[in-house]
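Here is a short briefing on one protein model. Please keep the sequence and the 3D view open while you read.

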Amino acid sequence: MKKLFLFLLLVACSLTLSAQESRMFRKGYRGNLEIGNYAVFGKDKVGGLALLTTTHGYSFGDGAFVGVGLGVGADLNGSLYFPIFMDAKYNFIDGRTSPFAAIRTGLRYDPNDEYISCGIALGGGVDFGRYSVKLGYEYSVSKANDYDHYGSYSYIYAKPSMLFCSFAFNF
């Protein structure tokens, strides 16, 4: 009985130790599921935006990661957004807790208001095992279509500032 108990204890310890190793400096597939909140500050637009995204890509084994992602989001007015983007991230430390820098660029489409925006986001944060916390800034330029009794026309406007905070589960 003691041998069985000791064996089970050793198996449990070995599983725990393997879960403690760093995932950020391992080569191969890596993905995440992220929820974020954006605070929009601009000349013509103030409000908020919530996004749920997933990113899938490749980790090069030296802390660098590149992937693509997509998601769905909503603003305070109830408009839906559909982002598609490229994400790059670099972890500075090969450890269970690791600070990182990230850059994301891509498009966000709103089918209700028929506009598309192109943006770039710079962020930084910390990975805690399988979880991440990120803060950052996004700048985007949008092209919208508008309709009146003379027909349709397009216009371009910028949202100068969007600050964001996000939480992710890494797998």
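Rings of Phe, Tyr and Trp (its six-membered ring) pair if their centres lie within 6.5 Å; planes under 30 degrees apart count as stacked, over 60 as edge-to-face and the rest as tilted. Ring pairs link Y131, F169 and F171 into a cluster. The model is predicted: local features need pLDDT of at least 70, side-chain atom pairs count only at pLDDT 80 or more, and totals for chains, interfaces and linings use all residues. Residues are numbered from 1 along each chain as its sequence is written, and side-chain values use heavy atoms, with hydrogens and water left out.

**Overall build**
- The protein has 1 helix and 8 strands, taken as DSSP runs numbered from the N terminus (helices H or I, at least four residues; strands E, at least two).
- Their order along the sequence is α-β-β-β-β-β-β-β-β.
- Of the 171 residues, 37% count as buried. Buried means under 20% relative accessible area, exposed over 50%, and partly exposed in between (1.4 Å probe, protein chains only).
- Contact means heavy atoms within 4.5 Å. Among contacts between residues at least 6 apart in sequence, 53% join residues at least 24 apart.

**Nonpolar core**
- A nonpolar core is a set of buried Ala, Val, Leu, Ile, Met, Phe, Trp, Tyr and Cys residues joined through side-chain atoms within 4.5 Å.
- The largest such core has 10 residues: Y38, V40, L49, L51, Y81, Y115, A121, A144, M162 and F164.
- At least two residues of this core come from each of strand 1 (27-41), strand 2 (46-60), strand 6 (115-128) and strand 8 (151-170).
- Setting aside neighbours within four places in sequence, F164 contacts residues including Y38, A121, K134 and Y137.

**Aromatic pairs**
- The count comes to 5 aromatic pairs.
- Y90 and F92 form an edge-to-face pair, 5.4 Å centre to centre with 75° between the planes. Y90 is partly exposed, at 36% relative accessibility.
- F169 and F171 form a tilted pair, 6.3 Å centre to centre with 35° between the planes.
- F169 counts as partly exposed because its relative accessible area is 33%. F171 is partly exposed too, at 31%.

**Charges over rings**
- A charge sits over a ring if NZ of Lys or CZ of Arg is within 6 Å of the ring centre and within 35 degrees of the ring normal.
- R104 places its charged end over the ring of F85, 3.9 Å from the centre.
- R108 lies over the face of Y38, 5.8 Å from the ring centre. Y38 is also one of the core residues.
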